[in-house]
Amino acid sequence: MTASKGEIQRLIECCICCDYLNDVRETPCCHQLFCLACIQGWLQKSTKNCPRCRSTTLTEQSLLKNIVIQRFVDNLLFECPNALHGCEAKVAKSDLVKHKRLCAFSSEKLAAKQQAKLEESRTILFRCKEGKTQITDNVLYDLANLFYTEHDYDSAKECIELMKEKEHSQKIIILQAQVERDTNHYDKALALYIKAYRYANS
Ligand SMILES: [Zn+2]
Ligand SMILES: [Zn+2]
Ligand SMILES: [Zn+2]
């Protein structure tokens with residue numbers, strides 16, 4: 001016998017909240033499964049009959065526990081909600097709340113990481129301006145790009161200023177043009193785009 005994923009899914013979902021069963025309760029009338037909170041909420045409403053079979057004898061006290069299904073749901077492994085940000089963790093439902101709090105890919109943690117990277121980059125730029133460290137155009141370009149995407153246009157301009165090839169590299173000229181454009185210097189931006197275009201066609 002085989003059951004499709006959809007059939008199993010239906011078995012472990014609550015038909016009131018359409019989410020995975022939480023604190024499973026079974027109705028004695030028709031053996032339908034619900035979350036405790038969902039069926040409690042339903043029974044507190046004026047319609048005191050079973051949401052599935054309309055039995056009028058259903059009460060909160062008559063609800064049954066279903067430990068086997070609850071254990072099954074609790075042990076299912078779920079993808080972390082931050083999977084799109086790169087988290088590869090598969091977590092049991094019961095651990096999901098804890099994982100979300102600790103996940104290194106949460107938007108708060110990622111923002112903090114980005115902020116730290118920005119601070120570090122500003123330190124590198126500062127040391128470079130002071131002549132305390134020498135960095136290549138490629139590293140400066142990456143720094144400038146980071147500052148640009150974080151809207152720190154002044155630092156981006158300072159990086160570009162320090163690049164040896166700033167007059168001769170098409171990608172640096174384009175970055176320069178983007179910075180000028182985003183700081184509302186459209187004339188400068190246009191001139192730079194034209195310059196970059198000439199490089200592309202020379
Ligand atoms: Zn529910
Ligand atoms: Zn029922
Ligand atoms: Zn995660």
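**A zinc site and a nonpolar core**

Q: Which residues are the protein donors of the zinc ion (ligand 2)?
A: In this predicted model, the donor atoms lie 2.3 Å from the zinc ion. Each one is an SG atom. The residues supplying them are C29, C30, C50 and C53.

Q: What arrangement do the four donor atoms make around the zinc ion (ligand 2)?
A: Look at the angles the donor atoms subtend: they run from 101 to 120°. Four donors count as tetrahedral if all angles lie between 85 and 135 degrees. So the arrangement here is tetrahedral.

Q: How many residues apart are C29 and C53?
A: The donor spacing in sequence reads C-C-x19-C-x2-C. This pair links distant parts of the chain, with C29 in the loop between β1 (24-26) and β2 (33-35). C53 sits in the loop between α2 (36-44) and β3 (64-65), and the two are apart by 24 residues.

Q: Is C53 buried or exposed, or something in between?
A: Buried would need under 20% relative accessible area, and exposed over 50%. C53 comes in at 35% relative accessibility. That makes C53 partly exposed.

Q: Where does the largest nonpolar core lie?
A: This core has 21 residues, and L58 is one of those touching the most other members. β2, α2 and α3 (67-75) each supply at least two residues. Residues come from both domain 1 (5-65) and domain 2 (77-104), so the core lies between these two domains.

Conventions: Residues are numbered from 1 along each chain as its sequence is written. Chains are lettered from A and ligands numbered from 1 in the order in which they are written. This is a predicted model: local features need pLDDT of at least 70, side-chain atom pairs count only at pLDDT 80 or more; totals for chains, interfaces and linings use all residues. Side-chain values use heavy atoms; hydrogens and water are left out. Donors are N, O and S atoms within 2.8 Å of the metal (3.2 Å for Na, K and Ca); water is not among the atoms, so sites may look incomplete. Four donors count as tetrahedral if all angles lie between 85 and 135 degrees; four count as square planar and six as octahedral if opposite donors are over 155 degrees apart and all others between 65 and 115; anything else is irregular. Helices (H or I, at least four residues) and strands (E, at least two) are DSSP runs, numbered from the N terminus. Buried means under 20% relative accessible area, exposed over 50%, partly exposed in between (1.4 Å probe, protein chains only). A nonpolar core is a set of buried Ala, Val, Leu, Ile, Met, Phe, Trp, Tyr and Cys residues joined through side-chain atoms within 4.5 Å. Domain bounds come from an automatic or database domain assignment.
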